[in-house]
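Please consult the sequence and structure shown below while reading.

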Amino acid sequence: MPMNKPKYIVSETGGRAEKRQRILDAAEEIMSQKGPAETSISEIAVKAGVMDSGIYQFFKGKQDLLFSIPEERLRDVLVQLKDHLTGISDPVSRLRKMIWFHLHFNDAHAGYARLLLLECRSSQDFYDSEAYKLIREYAGILMDILDQGRREKVFRDDVKLTLMRDAVLGALDMESVLQLGSGEVESSEQDFEDLADLCLHMLLPTPAQVSSRGKKRNVIIQAAIQVFAEKGYNKAKISEIAKLAQVADGTVYDYFDSKEDLLLSIPEEHFSRYFQQASDAFEIKDPVRRLKRLIRFHYTSFLQERQFLKVFLLELQLTARFYGSKSFATFKRYFGLVEDVIVQGQEAGVFRPEADSRVFRNLFLGAFSHMALRWLIVRESSDADKMEEIDQATKLLVAAVLQPIKDSAGETPDSSGG
């Protein structure tokens, strides 16, 4: 919708609507230039092409006419703002759009902005007007954006929403007031990026808050791992997890939507950490040694966190819901390291070119899963036996992809060990 000339949304039809609009156009133009106190009804009537009495058909007097200018304009503002926000889902983008729209609209309609900010807002009577009700509706849109940001953990939660709203709207108003009153900038819109940057940094959680939330979230996850490992997912209760984490039941729902969401969130942190640690194996140049390092890292890391291993094997890896979760994407990135090693070894001529890296990954993960289930459920191996089995499993897995190397006598030596 063009915003370079006055246009009002009016309820009248036919000639009355056109006549009322001419009066509003004339009043906005003259009052914004001379000020309401210096403007007479007769001047507005002449500009609008009506008799003085024609103005009183629509407005009780000059103050009513003055307040009606922002009232009609604000109806237009609300329609346009809602249209601009349509299709924008995240609170940060919605806030940026609202800040831009506010500055842009006021620049495009300087007469309206001048009357609203420098004339109407200074009158106590204005706060009982219909126009002010529309301002409250406008402020409500901002409140909804801020509340969404808080609910989605994007904006800070240690300050009242009303204070956050007042700070943003106050900054927007002062931008326009100083631009209109002193002309310190050519347009308030030119400060959009700087103002949006300041507002977002003001509203985003501080590093201390992020750290605190992260610590509490991790405490809940660790408690959930213990409860899920001991009782199983189906029998576990949120109240038990909350008690172990030493938080209120409701606090768990501040971080997780449901018990299932909590379960599916468990692997994400672990596999992100495993990915970073396992990436160190790529500092090793020899593909065989690199593959051995990854295999042993995978086995020993899981064994060091046996409760997590039990939850992962019984409640996640062998259930369909895991494969549609966000955590699976992290797991996929982690086990992708194994495929990368095979491909790099093939490029170096060390691993057999016909060995499929994806199928090898399944062999690797499957062998470990069955061994770990036997260790955890059947419990037929001591810790010493487990370490020996890890060494033997490493030999088997390396042998599956290793390119046979014949010696001078035509024999193929065993190069999978060590």
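Ala 278, Leu 294, Phe 297, His 298, Tyr 334, Leu 337, Val 338 and Phe 364 line the largest cavity. The model is a predicted one.

**Cavity**

- Helix H14 (287-304) and helix H16 (326-347) are the elements that each give two or more residues to the lining of the largest cavity.
- By class, this lining comprises seven nonpolar residues, one polar residue and no charged residues.
- The volume of the largest cavity is about 40 Å³.
- The structure holds one cavity of 30 Å³ or more.

**Aromatic pairs**

- The count of aromatic pairs comes to 33.
- One of these is the pair of Phe 322 and Tyr 323, with 5.1 Å from centre to centre and 75° between the planes, an edge-to-face arrangement.
- Phe 322 also pairs with Phe 328: the ring centres are 5.6 Å apart and the planes stand at 85°, so this pair is edge-to-face.

**Accessibility of the paired residues**

- Phe 322 has 0% relative accessibility and therefore counts as buried.
- Phe 328 counts as buried because its relative accessibility is 18%, and the cut-off for buried is under 20%.
- Tyr 323, at 38% relative accessibility, counts as partly exposed.

**Charges over rings**

- Arg 321 lies over the face of Tyr 233, at 4.4 Å from the ring centre.
- Arg 333 has its charged end over the ring of Phe 275, 3.9 Å from the centre of that ring.

Key. Residues numbered from 1 in each chain as written. Predicted model: local features only at pLDDT ≥ 70, side-chain atom pairs only at ≥ 80, totals over all residues. Heavy atoms only, no water. Phe/Tyr/Trp six-rings, centres within 6.5 Å; stacked < 30°, edge-to-face > 60°. Buried < 20%, exposed > 50% of the residue type's maximum accessible area, 1.4 Å probe, protein only. Lys NZ or Arg CZ within 6 Å of the ring centre and 35° of its normal. 1 Å grid on protein atoms, 1.4 Å probe; cavity = no way out; pocket = protein on both sides within 12 Å on 5 of 7 lines; lining within 4 Å. Points joined across faces, edges and corners; volume = space filled by probe spheres on them. Helix = DSSP H or I, 4+ residues; strand = E, 2+ residues; numbered from the N terminus. Nonpolar A, V, L, I, M, F, W, Y, C, P; charged D, E, K, R; others polar.
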